[in-house]
Amino acid sequence: MLAPADDLVRPQARLPYPYRDEIPVVRDLADRLTGCLDWDAIVAMATPWVEAVRRNPAPFWAMESLLREYPITTTEGLALMRLAEALLRVPDTETAIALTADQLGRAGFEAAHEGPHRVLAQLSASAIALSKRLLPEGPDPPGLLQRLGAQTVVAATVRAIQLLGRQFVLGREIGEAMAEAAAQRGQPAVAQPAMTADQPIAGGSLHRSRLRFSYDMLGEGARTGADAQRYFAAYRRGIEAIGGGRIAASPQSADGISIKLSALFARFEDAQRGRVFGELLPRIAELVAVAAGANLNLTIDAEESERLELSLDLFEAIARQVANAHPHWQGFGLAVQAYQTRALEVVDEVARIARSHHLHFMVRLAKGAYWDTEIKRAQELGLAGYPVFTYKHHTDIAYLACAQALIGHADVLYPQFATHNAGTIAAILQMARGSGAAFEFQRLHGMAEGVYREVLADLDVPLRIYAPVGEHRDLLAYLVRRLLENGANSSFVHQLADASVGVESLLANPISVGGEPSLPLPHALYGAQRMNSRGVDLACVADRAPLEAALATQRVQAVGEATPAETDAAMTRLAGGFAAWNGSSVTARAATLRRAADALEARMPEFCALLVREAGRTLGDAVAEVREAVDFCRYYAQQACALLAPQALPGPTGENNTLELHGRGVFVCISPWNFPLAIFTGQVVAALVTGNAVAAKPAEQTPYVAQRMVELLHEAGVPRDALAALHGPGETVGARLVADTRTAGVCFTGSTAVARSINRSLADKDGPLVPLIAETGGINAMIVDSTALPEQVTDAVMQSAFRSAGQRCSALRLLAVHESIADALIEMIRGALAELQVGDPADLATDVGPLIDDEAFATIAGHVQRLRQDARYIGEAQRVADYPRLQPPIAFEVARISDVTQEVFGPVLHVVRYDGPVEAVLEQIHALGYGLTMGIQTRIDSRARRLAGRARIGNVYVNRNMIGAVVGVQPFGGEGLSGTGPKAGGPHYLPRFCAERTVTVNTAAAGGNAELLAGMR
């Protein structure tokens, strides 16, 4: 095989910008279809199919029927879906009972059922209702009799879920799947004995014998190198088994396989391009060579939009190798998702690659299965728009336009139309008529059997079944995605099973363009009062380029330390400027903050580069920090206008009572180095917008970022006698500011020890009592029970413990894992650690950069050395660059929670096993004294609510990571040893910076109360 060309390893933009305005894109797609479709004829063709399916519905256990009886939009449907998601992987009986009780107890299943399977539906509902009575209620352990009954219920539920799994999974391994495929074709078993088919799949024996399959070795994306090797071996075994030592007549007429690139490489992402081409590409090439040797179809499945350009680069690299080694093979394929706004351009690009290399490809066109993930990512990152359509019918338009393009490229592409929609099937048949293009339809195993039964009874067209292969307990993510996709109210499958939806509505022409996106764009996520900060997609070349340019030019300059005389002069100046600034209107101060936010957002590349250079932040962390600073400015501006306006209070007649909030005077803001821009800005603008003058002392390690932010605030309109930055050690400059008699308040973020010192200093000072707002650290824990998804937990642990080199006050320090899953989860964490890249923070591929200074490095190194002696080593990441102060992320297992006695401010994770009541684990965490952040990983909703309700912890996160609190969304701050409150970025923060005053005016003092007298009758 040829090595990939450098032009493919280097990032390039093949496709349009992914976050374009949706409406013009859809208009262009709709225009392409104008005059090409006779929709009345389409309806006439599809109506008999729909009516026949409704006359002869799928059996009760088929997915369409289950979605009808228990739609996922109902509490009952959601409960059953979540039970199916988790129960098969729970190893311990007690937790299995608790999970089953929790989910079945969410709703009532006794309601009357209508529809073709009314009797069976009522029987199943009665069985579920009866089962609920045998399950325990509440957290207390069940008695013996109830326990025996609960075990019976769980066993029956497990069996039911296994049967449900068979509706989606063709076989537990490739031999079993091939035997089932043979049975569905009406052929003798080709491998192991065939499982009994639940229902004939296609009309007559001719059609059944022409069924083809595309096997998908079901599973999550790899998190470790071992995972990737296991999936690779499964794919290779699958290809060899399908080939059976023979050479197929053609890839189009033979069974094939679908591969998922994120399963073959744990770091399949644009930031890891070097490793992707060095490690993943050879694996793909080896599988392709085996498939080509057997003349089979091998399709690369589509994944999330941020991987699309990278997927195309890999696709063309393999195409070059195919052109060299297998020029006549026509089985290499790619899946295209029509819900992506760039889908049509992807089709054209694949055709271009085929022509340029004189090859013929197979292309599966699907609607797409990551829609909610794509929407959430765009919102969280504050992107310019969405990479997917926000209307379902816009996706339908894109699908038809892509289908038209595929048929037009039939000289180099073999279209594979994956759809369950009868109207779409009829439209494709109409478009293909007369073109002479060869094509096939595809459906998902377990879905739309009735539709294709009717289609194939009338038409001789090929049908390929997309057939998942794997253990039922591994079907989690796949099952949930398909249930969400096909169970949504707007989906054809859902509406087909609903007789109340008329055929005319079901087959309505989708070609109409919405006036605006159906969802608020990411910048409007928080409504009209506060714009979301604009973010960057680092996987997008156009978004990344300004950051890379800034990194090449920005340099950190030295900042002089303030002398005692300069510190005193600054306090004098600020005390003198306070009255004028406090006397300005709150709307004027808020407008200043909004101008600062806009300026900072416009200068994001510059500030990101400074954060990388001065604080050792990675690019991703730098972008998030600039956004947080922007959010602080806008949020506190909004809050100030709402909270600081004079408030009229009730009282007796003839009297006006008003509550007003004012600045206190000069606020001293002392910020840390770990968020040198975001926390610094949040403290300063909160004090400013409430009318205070501010003496801002940044951390000694990161003064230049702070200085540049102060300059930006001055440019935005903050007077120089209302804000001053004073750089220097905490022991000198910080202590002098705290002790100054003109200090009216202190806002501090840092260690608990320093917070105590400040508190003592303020208490010992003569004069007014001065408030202290302190946010300190924590020994932050995550509790993982045996219902949690290991891959999800591993992702959350890697982010929570090691982002920013663990130098976050919210970072995960202590992971408590249930004994029954500890071995497997620890092994996955060990493998995921080995995949992390530790090096230069300016390198996009770096996951973990340096510690902040030599002192921090020595402290962490000493702690790691002690753990190597006293704890059980789990694993660590490896340095990939020669860069100072790199401490690779590392994990150790400790015997007890109480062994973790202090916060370790670096990338060190302590893991502990637990057994018994999870509430006891929470109490041991409480005993550590901290209360900043905590994570809970469980599928038992009542357990999550109970633990969150009992936790004396400021921020609790369920089934996600524990870092990255968003201003106004997750107000941040702790209790106990973790701070005084109130929470930064929350609705109660600003009043703490204020002095409250009431003004009472006796309006009856001069002539009585005119209003009262005027109202007499």
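**Helix packing and buried sites in a predicted model**

Good morning. I begin with a pair of helices: the axes of helix α24 (residues 564-583) and helix α30 (residues 730-739) come within 10 Å of each other and cross at roughly 35°. The axes are lines fitted to C-alpha atoms, for helices over the stretch in contact, with angles running from 0 to 180 degrees between N-to-C directions. Helices (H or I, at least four residues) and strands (E, at least two) are DSSP runs, numbered from the N terminus. Two packed helices are described by the angle between their axes and the distance between the axes.

This is a predicted model, in which local features need pLDDT of at least 70 and side-chain atom pairs count only at pLDDT 80 or more, whereas totals for chains, interfaces and linings use all residues. Residues are numbered from 1 along each chain as its sequence is written, and side-chain values use heavy atoms, with hydrogens and water left out.

To return to the pair, α24 passes α30 in a right-handed crossing, that is, the near helix is turned clockwise from the far one by less than a right angle. On the α24 side, P564, T567, D568 and M571 meet V733, R736 and L737 of α30, where contact means heavy atoms within 4.5 Å. The residues of this contact divide into 4 nonpolar, 1 polar and 2 charged. Here Ala, Val, Leu, Ile, Met, Phe, Trp, Tyr, Cys and Pro count as nonpolar, Asp, Glu, Lys and Arg as charged, and the others, Gly among them, as polar.

Let me turn to the whole chain. The protein chain has 37 helices and 27 strands, and buried residues make up 60% of its 1017 residues. Buried means under 20% relative accessible area, exposed over 50%, and partly exposed in between (1.4 Å probe, protein chains only). Of the contacts with a separation of 6 or more, 79% are accounted for by residues 24 or more positions apart.

Two further helices deserve attention. Helix α25 (residues 586-602) has 17 residues that should span 24 Å at 1.5 Å a residue, and its end C-alpha atoms are 24 Å apart, which agrees; the expected span is 1.5 Å times one less than the number of residues. Its buried residues, including V586, L593 and L600, pack against α24, α26 (604-615), α27 (619-643), α28 (678-689) and α29 (703-716). Helix α17 (residues 392-408) reaches 25 Å from its first C-alpha to its last, close to the 24 Å expected, and 13 of its 17 residues are buried.

M362 lies in strand β5 (residues 361-366) and is buried, with a relative accessible area of 0%. Its C-alpha atom is separated by 9.3 Å from that of F439, 77 residues apart along the chain.

T749, in strand β14 (residues 743-749), counts as buried because its relative accessibility is 10%. Its side chain joins that of Q683 in a polar contact of 3.1 Å. A polar contact is a pair of N or O atoms within 3.5 Å; within protein, one must be able to donate a hydrogen and the other to accept it, and residues adjacent in sequence count only if both atoms are side-chain atoms.

Where is S804 placed? S804 sits in the loop between α32 (790-802) and β17 (812-818). The side chain of S804 makes a polar contact of 3.0 Å with the side chain of D621.
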